[in-house]
Amino acid sequence: TRGWFYTLLVISTALFNRPPFKNLIVNGLVLAQDGTKMSKRLKNYPDPLEVVHKYGADAVRLFLINSPVVKAENLRFREDGVHAILKDVFLPWYNAYRFLLQNIDQYEREEGVEFTWSESSYGGSNNVMDRWIISFTQSLLQFVAKEMAAYRLYTVIPRLVKFIDNLTNWYVRMNRRRLKGEGGSADCKNALDSLFSVLMTMVRVMAPFTPFLTEMMYQQLKKKVPSFNSADNKSVHYLLLPTPKQALIDVDIERAVSRMQSVVDLGRVLRDRKTMPIKYPLPEVVVIHKDKQCLDDLRSLEKFILEELNVRKLTLSEDKASYGVTLRAEPDHKTLGLRLKGAFKAVMAEIKTLSDSTLTGFLEG
């Protein structure tokens, strides 16, 4: 194989003074879990058909796409890696899809009307969380298009996992009451439209990677889209990949929600350290940050922070000295150890002597 590519390159260069291809994809080797070559005689690998029957072909595909193999590096095949794709990607994704259909059924029963979706309703809600998840979806489309054009398959899955986390652990969980109709009929319709828009977009963009799961979801979702009743829309694989809607991308909302998520995550960590379960309300949470824009972003989403951390008051401040907060430096032992070798201990001791004022000056540039 290498000789064939070499010959192609030589002939093309000699005749046309250019490479014989625009893009060249080289895959690595799939090895057994212990790093040796797969051997039928040794049976040092799981039966591929059994893995497919157990976890599904889509899970195997996604596992391989997200592996070093697509970067021309070797992969030690692990069955638990395929299981992780099923657990961390497919199940949360399917649960969000199932939750949407359940609440659409409830909406239709309670309101006595049929739920339908159209492109014109995409991004029509003014709710900040609806606008955020729609914007995040469009940013994902933009990212996928860019990475696919550069043949970087391996960057898509980490971004997809983050997206699914935002969809299930943040959007769906924080808007569960709205999706169930507790905020009124109009608000419920906006929430359902937003979630439907996101899932339909996700099904279309992920179809090349997970063809079977997306087709199953699409066949159910398209029943709610009157414009998809034609033969041209019979399968998700007949559709073009959706293009990003730049008008729906709001970087300010994405930045603000990301900062809100960081505060909530840190608050939960502090509760765990102090063994204070989330069910016990606390009087106040104080957030200190030197960036005023960051504090303004958090103030705009104050109600979500109060709800998620179960606190009564949010205090935002730029003055860490008033709260007795000081900075200290901690060395990255692994990174510095590899670089500094024998000098690491002396450098580590020096790092730990750095004062708050020195570190503050360093951060401020």
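Mentor: Let us start with the second largest pocket, which holds about 410 Å³ of space. Of the 15 residues lining it, Arg173, Met174, Asn175, Arg177 and Glu307 are the closest to its centre. Please keep in mind throughout that this is a predicted model.

Trainee: Which helices supply the lining of the second largest pocket, and which gives the largest share?

Mentor: Helices H5 (128-149), H6 (156-174), H7 (176-179) and H12 (302-309) each supply at least two residues of that lining, and the largest share, four residues, comes from H12. By class, the lining has five nonpolar, two polar and eight charged residues.

Trainee: What is the volume of the largest pocket, and what lines it?

Mentor: The largest pocket has a volume of about 1200 Å³, and among its 32 lining residues Leu266, Val286, Val287, Ile288 and Val325 lie nearest the centre. Helix H10 (251-273) gives the most to this lining, with nine residues, while strand S3 (285-288), helix H11 (292-300) and helix H15 (356-364) are also among the elements that each supply at least two. The lining is made up of 17 nonpolar, five polar and 10 charged residues.

Trainee: What makes the contact between aspartate 130 and arginine 178 a salt bridge?

Mentor: The cut-off is a side-chain nitrogen of Lys or Arg within 4 Å of a carboxyl oxygen of Asp or Glu, and here the closest N and O atoms are 2.8 Å apart, so the pair qualifies as a salt bridge. Aspartate 130 belongs to helix H5 and arginine 178 to helix H7, so the bridge ties together parts that are 48 residues apart in sequence.

Trainee: Are aspartate 130 and arginine 178 buried or exposed, and how do you know?

Mentor: Buried means under 20% relative accessible area; aspartate 130, at 1%, therefore counts as buried, and arginine 178, at 10%, is therefore buried by that rule too.

Trainee: How is the salt bridge between glutamate 308 and arginine 268 judged, and what does the pair tie together?

Mentor: The closest N and O atoms of glutamate 308 and arginine 268 are 2.8 Å apart, which is within 4 Å, so this pair also counts as a salt bridge. Glutamate 308 lies in helix H12 and arginine 268 in helix H10, so parts that are 40 residues apart in sequence are tied together. Glutamate 308 is buried at 11% relative accessibility, whereas arginine 268, with a relative accessible area of 27%, is partly exposed.

Trainee: Where in helix H4 does a kink lie?

Mentor: A kink of about 35° lies at phenylalanine 90, shortly before proline 92.

Methods:
Residues numbered from 1 in each chain as written. Predicted model: local features only at pLDDT ≥ 70, side-chain atom pairs only at ≥ 80, totals over all residues. Heavy atoms only, no water. 1 Å grid on protein atoms, 1.4 Å probe; cavity = no way out; pocket = protein on both sides within 12 Å on 5 of 7 lines; lining within 4 Å. Points joined across faces, edges and corners; volume = space filled by probe spheres on them. Nonpolar A, V, L, I, M, F, W, Y, C, P; charged D, E, K, R; others polar. Bend = angle between axes of the 7 residues up to and from the residue. Buried < 20%, exposed > 50% of the residue type's maximum accessible area, 1.4 Å probe, protein only.
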